[in-house]
Each structure stands twice: as structure tokens, then as C-alpha cells.
Amino acid sequence: MSTLTVPRQDQRRTPRRPFRIGRPGTIGRIVILLVAAALTLGPVMWTLSTSLRTPSESFNLPPQFLPLNPDLTSYFQVFEQINMVALVVNSALVTLMIAVGQMGTAALAGYAFARLKFTGKNMMFSIVLATMMVPVQVTIVPVFMLIRGMGLSDTLLALILPAIPTAFGTFLMRQYFLGLPNDFAEAASIDGASPWRTFVSIYAPLAVPGMAIVGILAFNFHWNEFFRPLILTISEQNYTLPLGLVTLQGNLGTGSISVVLAGVILSMLPALVVFIFGQRALREGLTAGASK
Amino acid sequence: MSTPTLKSSTTTASRRTQSARPERDKPKRQQSLAERLIVPLFLAPTVIGMAIFTIIPILGSILLAFFRWDIISAPEFVGFDNFTSIVNDPTISVSFLNTILFVVVAVTLQLGIALALAVMIQGRMPGWLRVFFRSAFFFPLILSAASVSIFMGYLFNEQFGVVNWMLSLIGIPAVPWLTTPGGAAAVVVLVYVWQNFGFSFLLFIGGLASIPKEVHEASSLDGATGWKQFINVTLPLLSPTVLVASVMAMINALQVFDQPYVLTRGGPGDSTRTAVMVIFESAFQQLEFGRASAIGLVLMALIMAITALQFRLSRKFVFYQ
Amino acid sequence: MASEQPPGSDQHSVAQTFSLKNKSLAKAGDLSRRTLLGALGVGAVGATLGAWPRLTGADIPGRNSSALNVAILGTSADAAARQALVDEFTSLHPDIPVRIQAIQGADWRDFFSKILTMVAAGDPPDVVYVATEGAQLFAEKLAEPLDAYLTQDAADVQDYFDDVHPSLIEAFMYQGSLYQLPLDWNAANMYLNTSALERAGLERPADNWTNQDFTSMMRAMKQSTEGSFTPYYWTNRLFGGVVPWLYANDTSFLTETKATGGNWFWDRFYADDPTKNQRSGGYQWLEPNAEDPRVIETFDYLRELVAEGLGVRPEGGGGNALVGLFASSRIGATPAGGYWVQGLHEAGMGADEFDVQFFPSWRTQRHQFGAAGYAIMRTAKDKDAAWEWVKFCASKPAMELAFPTPNTTPTRRSMVNQQLYSTTGPEHWKTFYDTLDKFPTSGPIPAPPQQAAVETALMKNVSTAVSGSSAQVRSAMGTLQRDLELALRSNA
């Protein structure tokens, strides 16, 4: 397995030599990378700097990429025009509930698939994996009907409940538990610990980093989710951030660019926090799927 | 797999369990019974949840695809009409062609850019710069496609957008980005690739890192350098990652919705109307729930076909270490 | 890579990847991790219980109550703005509690699809504020005719009809029955940027100006202005897009006919109106008409405007930054209705910095308008209570509460007065209502029950038609014809 030897990148660069600019190839390479980074970050910088201009200046060319003379008018207007607080509360509730729910259910199921013996295990796991191929758009209409049958139409629970069972998370946790040594289980079984006890006392705590990755992935995905909220929520009071922002663009063209962009920037902040503190976990989680 | 790291925690963990439950000694046979009884407890939340929210809905979709139903009046059985409309209704068939074209172009660009940048970042540079590049390329992944499409829409505005202003600096006249079929399709692709190339990039740096250093050293001794080494040594070793990255990118791209919905609503003409957009429009704007189900099922079949293809390809062509 | 392996075989990669992190975390000890997990579990349960009202929507005021549920397009701020109206109604009808539910949408089509979703979810509102775009969709599938109520309360509503132009009412007749009392409306008039006119050395055009005059004006504006400036800005949608030009050219992309019936209404409420005999049981758009030579001619005219750089290629959707662009004088002219006045005022445009004129004439000078009013749902819990709301909202005191600023045009002629436009302008505010009074043939937005599909078909072909060659107009109209045929056969 190629993955058996995963050296971390920075460890590979041995022997460590001081970096010296000099070789033309190196400079060219870094220039290309810098251009790519500018193209990646530029639009976001423009968004930030435009959101800090007054609405009447937002079309001015040449564009500003650095927020000189910041003006917070647009940010105040966001709070006037849409119920930003409610949007954030809804997004946070939905995202955290899904994240915690996924962490719990995926840890349980992943553990069962990794460490418990039962008949039909492989078949069941294959079915779970196969659901990863089902696009959410295929099931949305029947899910909508089910939600209606449960009396949960136009509620946040309608967004949360269907998102909790996670094939990818289950897969991830199974891999994680498989990676943990067997000795614990043996030791525990000699001690006479029940399987539940073994899971709760030994394996679940060891799997916290894996669960964290499941949680962060869920957060990143559902914080930004658009399609399901678009269909499953109706009342403005139940909107999540991405929906609220799109409607901030205004009825019949009355929205102001800088106000919309201020909303965009505000909605990015929590994701930015995750980016800063959970980047590594997020990276690993995202790429972990490649080893399926 | 036990690593030295985990061993250290092994000892602490086992010591603690020993002290926690010293006296109760149950025979092993009973444990396996308990284990069997406990399995449903572990699996129930996921398996029942999936049965309710994925498997039953799929069966429901399959049933619904044979009816014409507007939710308000009673469903009417129409046989395969909803499926034939995918071929016969030009809006729907075009949306599928668009989706496939989009997948081909967007995935090619996404993989090409990601691979090039991943290879370039392997070269010598200060550590902080490497971290900066990696973070920068990764950053768009944490944004919502809806917000990205909102600000990109302004950037690509024909009259007042920054993109055209920049082009004007090098003497290129204003490009009608969002208002001509070709321009709009290009913007949707660019915005999508801008946001998603970082994902493939991450996969590629992972894949490149897993190629043992010795392989390169050996080939360097044989006289292979630069481009030649990349083609003959790196790329074959990277092929498993390329395959996975392309399949994941394709499955993602097949479901594209947010970008065209926010940027163009599928226009101009049908130029950016994707399969998922037609599902949305059929179901929730035109109340053709049966047709929406049929389109969804065809999309799912496409995704399954691509996944199956991956399994076949990976057996045949991919070079394994 | 493990992708070739059947599920169930041992794979270790993930744990491998994490091994480094394990080291640091393992030092913290299992106990604290167990505490962490426990805390997380307790926290999740606690949060679920604490946020239960939010999770189930039970905290939304008036939800699941027996109150009359009135859905409007807008934000909660828009709903709050109607509180005075609700209070007034409650003081008159203390027995009918009312709840305004704001539904967000980028346009009316979005709003209608949300209402349809509510119907599908089994929780439809009792009363919906529906614009012309959805009038026939609701009449066909969802709304209750007002005929019996009107007959019953004829004396109460006569003053409303005396004050409202019959064209606005006719737009809400469907197969001989009236479904809504329109409260606000907007014609597609031409907004002109005064400074752009001055730079071009032009005056506000005459009432009967032609499309050729319009072209010359756009040329003059273009030549006299430097920098990023587009003389004519228009959006791609049913209202104010290509349709006003089609109407001016005495045609439309759908064949317009009128239903019989409705005499009971016109004879009773518009007995003295000179146009009474032209009024009908409602508009019908049953067949596509996209390949009509005049339709092609109209599209070709717009295509030439675009090709010459006089007009923008129309954007789909709402045309987001339009107010800002016009207010910052980057646009010379654009079609819009009275709803725009307040927006321009708030964007900082002085009363004399813009003005308004009728749409130019062509073969005729028929104008396009859209209107909106409350429709009672067939599923309403208490239709009599719903009618009381509809009737109340059409009364003059209620409309004065509802429309304090010119962010739309009230349907009551007496309310479109100097006072309404005193601080905002434009100078020729009379143009708004004159669009009906001087042009009684002005017609509504063409919106059959299949409005969503029809609008989609139109929008997508408008953009292809106007951004290519003359031959492309023809082929685009062929596609439009075919798309419309399919659209008119769809469910909604």
C-alpha cells in the first residue's frame, strides 16, 4: 500500500540547507506560484476591500484590493436589511448539530465495522459506502415528503436529521479504528470488559482526533450548504447564511454591492476560524477519502 | 498497524482498565454473545438513518419517476414518459450535454492546475512560503459556493467588473462574460475551478509526498532530470492519486448547481443549465416532480458508471508500487 | 491506494496520517478525552433541548396558530413595516388575528416556488400577495374567486373600483372571475438620467416619441459621455425586458386573446367607464407567437442597440446593481416603474437628477404594467376572515398605511399625487398613472399559469437573440417558439 509510507512533507527535505535565491528555475517557479496565489486570494481581498467602501463608491475603477479608509456603513446596513443574527444562529445550530451527530453515529458505526464481528458485515458496509454515490438531488423530493410526514416541514430539524447518517464519516472512522492496535481489546477482554465498555473507555477516547476530522468536515460542508436549505426551509426565520446572502442581493435589483459583500465577508468569518485552527485536520479529512 | 506513538498510549490505557475493573472475570463465550447483542446498538443510528433518508427515498424516486405529479392533484401514471422527455425535451437533453461538457473541461483544468502547482511547490523554497502557498490554494475550499458566486458575479460584470478592467489594461476590449453563452459557460467553469482546484492540489501533494525519495535519487543517477523525470518516474508513480482525484472531481462536478444558480440561473439560453438545475426547476418551479425524479435517477446512474469505471481502470492501468 | 480492494479489507492510511497528532493528544491522557467526549455528548443533548423551539420552528411567532396567515414577498423588515396595517385591522376585527409571513425570494418566480413548496409541505398560507406574474397560476390552481364576496359586499368596495383603473382589474380576471384586488402596480416607463440628457444637449422627450427618437437619444448620450457609461440598461425578465418593446410594436411573444364573461363585474362596478365594453373575462395566453415578423423585428431592434454599444446585453436575474449604477450616472436610461423612485432617493439621487417618460411608441404606444394584490387560497382555514383582510387592505386608509413612500405605485389614482413625490421627485410623476389613463389598452405582463416555464423560456432565448447576428435572432425565435410550446404544456 502506498499509504503505508506517508512521510510528512517537511520531514522529507533533508538535509536542511539554507534557502538561497539564485537558480532561474527556482525564481520562475516561485513567480508562477505567487501569481497563482494572487489569483486565488485577489478576489477575496477585493471583496473585503469593497465591503469596506461606501455603497456609492463600490463601482469605482480602478479597483481597490487593500482596504484603505475603511468605512463600516455597509456592515451596519447588513444588520438592518437582514436578520444576520438569526442567520448565524441557524447556521451554527444546524452545522454543530450535524457535526456532533455525525461524530457520534460515525464513531459507533465505524467501530462496529472495524472491530465487531457480525454476519453480513461486508455487505452492509458495501451498502453504506454505496450511498456515497447517491447525489442529494435524487432523494430530495422523497425526503421532502418524509419530512412533511414527520411534521417537520420548514424546521431546522428537517436540515439536521437527514444529514446525520454519514457514509463518508463512517468510512473514515472505520479506517481510524482499524489503525488502532488490537492489544487494547485483548487486554480489555481479559479484564472482562463488555464490548460497550471497551468502546467507551478505550477506543472512543483514542478516536477523538478522527472524530474531530469528521466534525470539521461536516462543519465545512454544511456551513456552506445551499441546495438543501433552498428547498427545505421556507420561513425567513429558518434561513441559513448562504440563503440569506443570496436574498440580500435584493428583490428586483435594489441590493447594494458593498452591502452584499459585507454580508459575504461576515459569513466567511466562522469558516475562517476553522481554517486557521483546523486547517490540518480539514486537509487530512478531505484527502482521507482518496484512500477509499 | 501499531506505531511507536500509539504504543505509549497502549500502556497507559491498559493499565487504567486493569485498575478500573479488577474483580469481574467473565468467561469469553458470554462476551461474544454480548458483542453480538451490542452490534445493533452501534449500527442502528447510521443504518436506520440511511434506510430512512437515503434508501427509502431512492425507492420513492424510482416509483415517482413513472408518474406525473404536481403535489396538488392526484399522481397520474405515465410510464416511461419522464425518461423519454430527457431525450425529447431539448432543455433537458441540453442540460445533460452541458453537464458532461462542464465535467470534462472543469475537471481537466482543475487537475492540470492542481498537478502543476503541486509539483512546483515540491521544489526548494523557504518553509513559510510553502505554508503560505498551501494555505492560499486551500483557502477557497472553506468558502460557500453561493458566496463565491456572488462576488465573482460582480468581478465578471461586463461594464463595471474588475476582470474586464484588468483586461482593458492590456488592451483587451470588454468581454461579455455573463451575457453571452460562451462567456457565461467560461465564468461558471472558472469560478468552479477557482474554488475546487485546491482539493485536487491537496491530493496531489499527498501523493507526491508518498513517492519515496530513493526513487528520484535512483532515476537521477540514471541521468533522468526535470521534465523527463516527471514524465517517466513521477507521473506513473502518481497515477493512483491522479485516478482518485479525477473520479472525485468528476463526481463533484456532475452535481454542479450553486454556481450556475447564483451566477446565471442557467442562461443565457441554456448555456449554463446543468442537470441538477433542471431537477430543481422541474420539481420546485414547474411542479413536475416525476420528471425531476427521472432526471435525478439518470444522474445517479452516471455517477455510478463513473465509479464503476474507476474500479475497472484501477485494476488495469494504474501503476502500483 | 486501496481503491481496488473490496470493502472490508484492512486499510490503515487514515490512522497513519493521524499518528503524529496522536502523540501530542495521547499525552493529555485518555481520561481528559473521555471527559471531552462526555462533555460533547452532554452539550449536544443540552443544546438540543435548549434550542428545541428553534429547531422545530416553534419559536416563530404565530406558527401553527389559528391566525390568518398572510404571505408576502419580502424580508421580516417588510413584514414589520406592515405592523401598523395589522394593528389597524385588528382594531376593526378583534376576532381575526393576523400573522404576516415574509417569504424571501430574488424575484416573483422564486416567491411562487416557495409558496408552492409550502403547499407541498402541507402548510400553505391563507392569503398570498400575488403579482401579475403569478395571477393565473394562482387562479388556475390555488386561489379562490372573489365573485361571491364582491357581490355580497358591493357597496363596501365600490369606492375602490371608482379609484382604480379598469386595466389593473382586468389583469386579475381569469375565465370570467376576479381573483384579486390589486393594491400596487408599476408600468414599464423610461427612467432618464437628467445629467446624461444635459450632456447630450437633449430635453426630456415628448410623450409621443418613437423608438427612432430613442435610438438617436442613446447615440447622443453615448457620444457625449466618456468612460464607463452605457446609455440603455435593461434586464432580462418578463417585466421591463423585451416585452415593453413588443407591446409598443403591437405584438407579443404569446398570442394574446381575451376570455368571455366578466360582464357581471364590469356592468356592476364600472358601469360608467368609457372602456367598459372593451373589458373582458380576463387575458389568455394560449399559443406561442415568437416567430411573428414583428416579434423578430423587435428583437432585431434590441440586438442592434446592443451591437452598437447603446444597450447592455441584458443580465439574467434581478439586475443587481441597477439602482447603484443609475444613481452613479453610469446609465442613461432604463425601464422601470414607480417602485424605483424611493430606491433612487435612498441612493442619493436628487429630485431633479432623474425624470420619467412613457416608453417610446412604435407601431402603437401600448405599455406594459404589472400589479399585485392579495389572493385568498382555496385551502384557507377561514375564507370569510380572509376576505375581510382583502377588503380592508383595499380601503383607502389601509392603502395609505401600506404605501407611505413611493417604493411602488398605489392602484388608487387619488393616492398618486404631488404629496407622495414631493421630496423624491421625479418632476413628471404624473406619467405613472397617465400610462393607464392615456393608454387604456396598456396590458399586463404576459403570464399564463405556466409562468415559471414561460419566463425561463423567454429569458434564455432573449440573451441568445440579442447577442449575435440578425440570423441568430431568427433561429433564437425558432427555439423560443418551440420552448414556449413545451412550456405551455407543463404543470405550472
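How many of the residues of α21(C) are buried? Let's start there, and keep in mind as we go that this is a predicted model.

The answer is 16 of the 16, so α21(C) is largely enclosed by the rest of the structure. This helix covers residues 451–466 of chain C. From its first C-alpha to its last it reaches 22 Å, close to the 22 Å expected at 1.5 Å a residue.

Staying in chain C, let's turn to a strand. Strand β13, residues 368–376, has 9 of its 9 residues buried, so β13(C) too is largely enclosed by the rest of the structure.

Now, who are its partners? Strand β3 of chain C, residues 127–131, pairs with β13(C) in the antiparallel sense over 5 bridges. Strand β6 of chain C, residues 181–187, is also antiparallel to β13(C), with 6 bridges.

Finally, let's move over to chains A and B. Here 90 residues of chain A are in contact with 97 residues of chain B. On the chain A side, helix α14, residues 257–288, gives the most, with 13 residues. As for composition, that side of chain A divides into 59 nonpolar, 24 polar and 7 charged residues.

Key. Residues numbered from 1 in each chain as written. Chains lettered and ligands numbered in written order. Predicted model: local features only at pLDDT ≥ 70, side-chain atom pairs only at ≥ 80, totals over all residues. Contact = placed C-beta atoms within 7 Å. Helix = DSSP H or I, 4+ residues; strand = E, 2+ residues; numbered from the N terminus. Nonpolar A, V, L, I, M, F, W, Y, C, P; charged D, E, K, R; others polar. Expected span 1.5 Å × (residues − 1). Buried ≥ 20, exposed ≤ 12 C-beta atoms within 10 Å, placed from the backbone. Pairing = 2+ DSSP bridges.
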